[in-house]
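Me: I would like a close look at a single part of this model. Please set out its surroundings as well.

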Amino acid sequence: MNPVVELEERPVGTVVRVRECADAAEAAEELRSALAAAVERSPYVVVDLAGVHTLDDTVLGLLVRAHRNARRRDGLVCLAAPSRFVITVLHTMHVDGLFPLFDDCDGALEWLRAEVLTGS
């Protein structure tokens, strides 16, 4: 079975790469563990959603929880490559302001690098 989530260490933070999965319960548990591990490793996390086209309430809740945990460590969670549907869900649920959004993972990492270096 292929993993639903992969973690990748980067100098500025941790990247969480997520892909679509047919088993929502399996995906949620794996994502929960990955986000917790990512925030534990670094307060700066980029969630790469390039492989995700939809977003349910469970995943949204996990992202918000990761955001809160990162903020407690003076960090943040960025979302890379969200689909139009994901952006619409974030906006509809009034949480779009919690997450900086980027077209791709490299753009998010570059922005984070500048934020961390300048201390903004």
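What relative accessibility does Glu8 have, and how does Glu8 count by that value?

Reply: Glu8 has 26% relative accessibility and so counts as partly exposed. Buried means under 20% relative accessible area and exposed means over 50%, with partly exposed in between (1.4 Å probe, protein chains only).

Two points on the source come before the rest. This is a predicted model, in which local features need pLDDT of at least 70 and side-chain atom pairs count only at pLDDT 80 or more, while totals for chains, interfaces and linings use all residues. Residues are numbered from 1 along each chain as its sequence is written, and side-chain values use heavy atoms, with hydrogens and water left out.

Now the partner. Glu8 forms a salt bridge with Arg10, and the closest N and O atoms are 2.6 Å apart. A salt bridge here is a side-chain nitrogen of Lys or Arg within 4 Å of a carboxyl oxygen of Asp or Glu. Side chains of opposite charge can pair when their charged atoms come close. Arg10 is partly exposed as well, because its relative accessibility is 27%. The pair belongs to a network of salt bridges that links Glu8, Arg10, Arg17 and Asp48.

Next, the strands. Strands (E, at least two residues) and helices (H or I, at least four) are DSSP runs, numbered from the N terminus. Two strands pair if DSSP finds at least two bridges between them. Strand β1 covers residues 5-10 and pairs with β2 in the antiparallel sense, over 6 bridges. A hairpin of 2 residues connects β1 to β2. Across this pairing, Glu9 stands opposite Thr14 in β2.

Strand β2 spans residues 13-19 and is mostly covered, with 5 of its 7 residues buried. Strand β3 (residues 44-51) runs parallel to β2, and 5 bridges join them. Val16 stands opposite Val47 in β3.

The whole sheet is open. Its 5 strands come in the order β1-β2-β3-β4-β5, with mixed pairing. β1 and β5 (101-102) are the edge strands, and each pairs on one side only. Helix α2 (residues 57-72) lies across β3 and β4 (76-80).

What of salt bridges elsewhere? The count comes to 6 by this rule. One of them joins Arg32 and Glu29, at 3.3 Å from N to O. Arg32 and Glu29 are about one helical turn from each other, because they sit 3 residues apart in helix α1 (residues 24-41). Arg32 counts as partly exposed at 32% relative accessibility. Glu29, at 42%, counts as partly exposed too.

Another joins Arg113 and Glu110, with the closest N and O atoms 2.6 Å apart. Both residues lie in helix α4 (residues 105-118), 3 residues apart, which is about one turn of the helix. Arg113 has a relative accessible area of 33% and is therefore partly exposed. Glu110 has 46%, so Glu110 is partly exposed.

Technical notes
Contact = heavy atoms within 4.5 Å. Axes fitted to C-alpha atoms, helices over the stretch in contact; angles between N-to-C directions.
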